[in-house]
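Here is a short briefing to read alongside your model. Keep the viewer open as you go through the points.

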Amino acid sequence: MTVRKSTVFIAFVAAELLVLIAIAVHAFVVVGRDSRLAEQRAMVKRLSLTDLALFTDARYTRHPSMADLHSPFQDYPLSFEHFPSGSLMAPPPHVRTYGRH
């Protein structure tokens with residue numbers, strides 16, 4: 001008896017989906033019981049720490065909450081985005097709503 005490749009693929013995807021669901025459920029359970037998270041949030045707020053640095057190429061992608069309106073265009077006002085991470089993340093909310101009333 002031979003097993004079709006599509007059957008193996010579907011089984012693999014289903015197994016990976018189950019693992020992903022188990023990880024998500026575990027994260028929600030642990031976060032609900034962990035008191036350190038509340039302490040860490042209070043410390044971040046008290047020390048005014050910036051957001052997590054996910055990208056390393058440009059200052060406006062390293063710290064999006066600290067970015068201003070013109071930082072992606074600091075070299076030339078009509079220049080294109082030349083860092084790949086700039087196209088992967090949305091601008092922070094305070095920049096998106098600037099000028100709207």
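The protein chain averages a pLDDT (the predictor's confidence in each residue, from 0 to 100) of 76, and 59% of the residues score at least 70. This is a predicted model, in which local features need pLDDT of at least 70 and side-chain atom pairs count only at pLDDT 80 or more, while totals for chains, interfaces and linings use all residues. Residues are numbered from 1 along each chain as its sequence is written, and side-chain values use heavy atoms, with hydrogens and water left out.

**Overall fold**
- The protein chain has four helices and zero strands; these are DSSP runs numbered from the N terminus, with helices being H or I of at least four residues and strands E of at least two.
- Confidence is highest in H1, at a mean of 92, and lowest in helix H4 (residues 93-96), at 63.
- Of the 101 residues in the protein chain, 11% are buried (under 20% relative accessible area; exposed is over 50%, partly exposed in between, with a 1.4 Å probe and protein chains only).

**The annotated span and H1**
- An unreviewed UniProt entry lists residues 6-31 as "transmembrane region"; such annotations may be inferred rather than shown by experiment, feature names are shortened, and positions follow the numbering used here.
- Residues 6-31 are 100% helix and 0% strand, with their end C-alpha atoms 37 Å apart.
- Leu 20 sits in helix H1 (residues 5-33) and counts as exposed because its relative accessibility is 54%.

**Helix H2**
- The 12 residues of H2 (residues 36-47) should span 16 Å at 1.5 Å a residue, which agrees with the 16 Å between its end C-alpha atoms; the expected span is 1.5 Å times one less than the number of residues.
- Zero of the 12 residues of H2 are buried, so H2 lies largely in the open.
- Ser 48 follows H2 and has a positive phi, near 55°.
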